[in-house]
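Open the model in your viewer and keep the selection tool at hand. The stops below follow one another, each with something to select and something to look at.

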Amino acid sequence: MNLSDVEKLKVKACALIDKNAETLVNVSHEIHDHPEQNYEEVFASELLTRTANDQGVHVELGAFDCATGFSGDVGSGPTVCIMSEYDALPDIGHGCGHNIIAAAGLGAAIALASIAEASGGRVRYMGTPAEEGGGGKILMARNGALAGVDLAMMVHPADADLVTIDAIALQQLLVEYTGQESHAAAAPHLGRNALDAAVLGYMAVATLRQHIMPTERIHGIFLKSGEKPNIVPREASSEWYVRSDNVTSLAALKPRVLASLESGAHACGCSVSHEWIGTAYADMVTNNTMGTMYAHNALTLGRTVTDPRHGGHRVVGSTDMGNVSHLVPSIHPMIASAPAGTSIHTKQFAQFARSPMADQAVLDGAKAMAMTAIDFWTSSERQQAVAAEFQAASTDKNVL
Ligand SMILES: [Zn+2]
Ligand SMILES: [Zn+2]
C-alpha cells in the first residue's frame with residue numbers, strides 16, 4: 001500500500017474517533033464513577049461490551065472463561081489485539097486511571113473495526129480484568145486468548161508520555177505464623193508470640209533490602225496481628241509484593257525473602273507457612289519496532305514520547321501485560337493524563353483520571369494506537385521486522 005493510502009486510512013481512523021469522542025469520554029467518566037476491583041468489574045465490562053457492539057465491534061462477555069473479560073474479532077489478516085483494562089483500587093478508586101485505558105482501547109477498536117477490511121488486517125478487541133493483582137490477562141491467555149495474535153497493545157495513563165513502563169517482575173506472597181496463645185500477664189512464659197515472629201520477619205526483610213539490586217522492590221503489610229493486647233497472639237500474617245528485574249532474577253530473590261520472613265518464626269518458637277499467590281507478573285519486553293511507530297504517531301498528535309530506558313523520567317511498576325509481552329510482540333506506552341510529578345496509585349491521580357487532560361488522553365491514546373495498528377497492517381516488511389525482533393528478544397514462554 002502506498003504512503004498516501006496509509007495516511008488516508010489514518011485520517012479516517014482519527015476522524016472516527018473524533019466522531020465518537022462524546023461516547024468515549026462518557027465511557028471513561030462512567031467507569032471512573034463506578035470503581036470495581038479484581039474480577040468484580042460487572043458494570044465496566046457490560047458498558048464496554050454494549051458500547052462496542054453498538055458501534056460495530058462484535059465482542060462477547062465472559063470470553064476465555066473469564067466472567068468480566070470480553071473478546072471479539074473483526075476483519076481478517078495480520079491480527080492486532082487492543083486491550084482494555086478497567087479495574088480499580090480499594091479506597092482510591094481509579095487511582096491507576098484504568099478508565100482511561102478502557103475508553104482509549106474502545107476508541108481504537110471502533111476505528112480499527114471500521115477499516116480492518118480495507119487495511120487487510122484483523123483487530124481483536126479484548127477486555128482484560130483484574131490487572132491490579134488478579135492477573136486477568138494471564139488467565140485469559142492460559143485459555144487461548146492470544147492464539148493468532150501478531151501484535152498486542154494498550155496505553156496506560158501516567159504523568160508523562162513514555163514509550164514503555166519499566167515493568168519489573170512481581171510475585172505476591174502470603175505468610176502465616178502460628179504460635180501459642182496465653183494470658184499476656186498471668187502466664188507469658190507459656191505463650192509463643194506469632195506477632196513477634198511476624199515483626200521479626202518484617203525486620204529481617206528490612207535488613208535484606210541493603211543487599212539486593214537497587215531496582216528490586218520488597219514491600220508488605222500486616223493482615224493479622226492478634227485479637228487483644230492481653231492475649232499473646234496465636235496467629236499473625238503478612239502479605240508481600242516481591243519485585244525484580246525479570247522472572248529469572250525474581251526466582252533468585254524469592255527464597256531470600258522467604259528465608260527472612262521464616263527467620264522470625266524460628267526465633268519465636270512459632271510455625272510458619274507461606275503461599276506464593278497466583279502466577280508471577282513478568283517483566284515487560286517492549287517491541288521497539290512498534291514502540292517507535294507509536295512514538296511517531298503520538299508526535300503527530302502533539303505528544304513527545306520519550307524512552308525511559310535512555311534516562312530521564314520513568315514509571316516503575318508491574319503489570320500482567322508483561323506476561324503477554326513474553327508470548328506475543330507487545331507495547332505498553334504511558335500517556336500523559338496528569339501533571340508531571342503526579343504518581344499513579346494516589347487519590348490525586350484518581351482526580352486527574354477524570355479531567356480534561358484525561359479526556360484528551362483517551363482520544364489521543366485511541367488515535368495513536370489505531371494509527372500504529374494501521375502501520376502494522378499495511379506493511380509486510382514491518383510485520384516481519386516485528387516478528388524478527390520478537391524472536392531475537394529474550395522471552396520466557398513459561399509465564400502462564
Ligand atoms: Zn495500578
Ligand atoms: Zn494500572
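Start by selecting His345, which is partly exposed, with 13 other C-beta atoms within 10 Å. The rule here is that a residue is buried if 20 or more other C-beta atoms lie within 10 Å of its own, exposed if 12 or fewer, and partly exposed in between, with C-beta atoms placed from the backbone. His345 sits in the loop between strand E14 (334–336) and helix H10 (347–352). Its phi is near 65°, a positive value in a residue other than glycine. Helices (H or I, at least four residues) and strands (E, at least two) are DSSP runs, numbered from the N terminus.

A word on what is displayed: this is a predicted model, in which local features need pLDDT of at least 70 and side-chain atom pairs count only at pLDDT 80 or more, while totals for chains, interfaces and linings use all residues. Residues are numbered from 1 along each chain as its sequence is written, and chains are lettered from A and ligands numbered from 1 in the order in which they are written.

Select Phe64 next, in the loop between strand E1 (60–61) and strand E2 (70–75). Phe64 is not a glycine either, yet has a positive phi of about 55°. Is Phe64 buried or exposed? Phe64 counts as buried, because 20 C-beta neighbours lie inside 10 Å.

**The two domains**

Colour the chain by domain: domain 1 covers 3–166 + 283–392, and domain 2 covers 169–280. These bounds come from an automatic or database domain assignment. Taken over C-alpha atoms, the domain centres are 37 Å apart. Across the boundary, six residues of domain 1 are in contact with nine residues of domain 2. Contact means that the C-beta atoms of two residues, placed from the backbone, lie within 7 Å. On the domain 1 side, the touching residues are one nonpolar, four polar and one charged. For these classes, Ala, Val, Leu, Ile, Met, Phe, Trp, Tyr, Cys and Pro count as nonpolar, Asp, Glu, Lys and Arg as charged, and the others, Gly among them, as polar.

**The four-stranded sheet**

Now show the strands E8 to E11. They form an open sheet in the order E9-E10-E8-E11, with antiparallel pairing. Strand E9 (217–224) and strand E11 (271–281) are the edge strands; each has a single partner, so one side of each is left without a neighbour in the sheet. Neighbouring strands are turned by 20° against each other on average, direction ignored. Two strands are taken to pair if DSSP finds at least two bridges between them.

Select strand E8 (residues 169–178), which pairs with E11 in the antiparallel sense over eight bridges. Among the bridge partners in E11 are Val272 for Tyr177 and Ile277 for Gln172. E8 is also joined to E10 by 10 bridges, again antiparallel. There, Leu170 has Arg243 in E10 as its bridge partner.

Axes are lines fitted to C-alpha atoms, for helices over the stretch in contact, and angles run from 0 to 180 degrees between N-to-C directions.

**A helix pair**

How far apart are the axes of H8 and H12? They are 8 Å apart, and the helices pack at an angle of about 130°. H8 is therefore oblique to H12; angles under 35 degrees count as roughly parallel, over 145 as roughly antiparallel, 65 to 115 as roughly perpendicular and the rest as oblique. In this contact, Asn288, Thr289 and Met290 of H8 meet Arg382, Ala385, Val386 and Glu389 of H12. These residues divide into three nonpolar, two polar and two charged.

**Last stops**

Select Ile165, in the loop between strand E6 (156–158) and strand E7 (166–167). Ile165 counts as buried, with 23 C-beta neighbours inside 10 Å. Leaving aside neighbours within four places in sequence, Ile165 has contacts including His156, Met284, Val315 and His332.

Finish at Asn26 in helix H2 (residues 21–33). Asn26 and Ala103 are 77 residues apart along the chain, with their C-alpha atoms separated by 8.6 Å.
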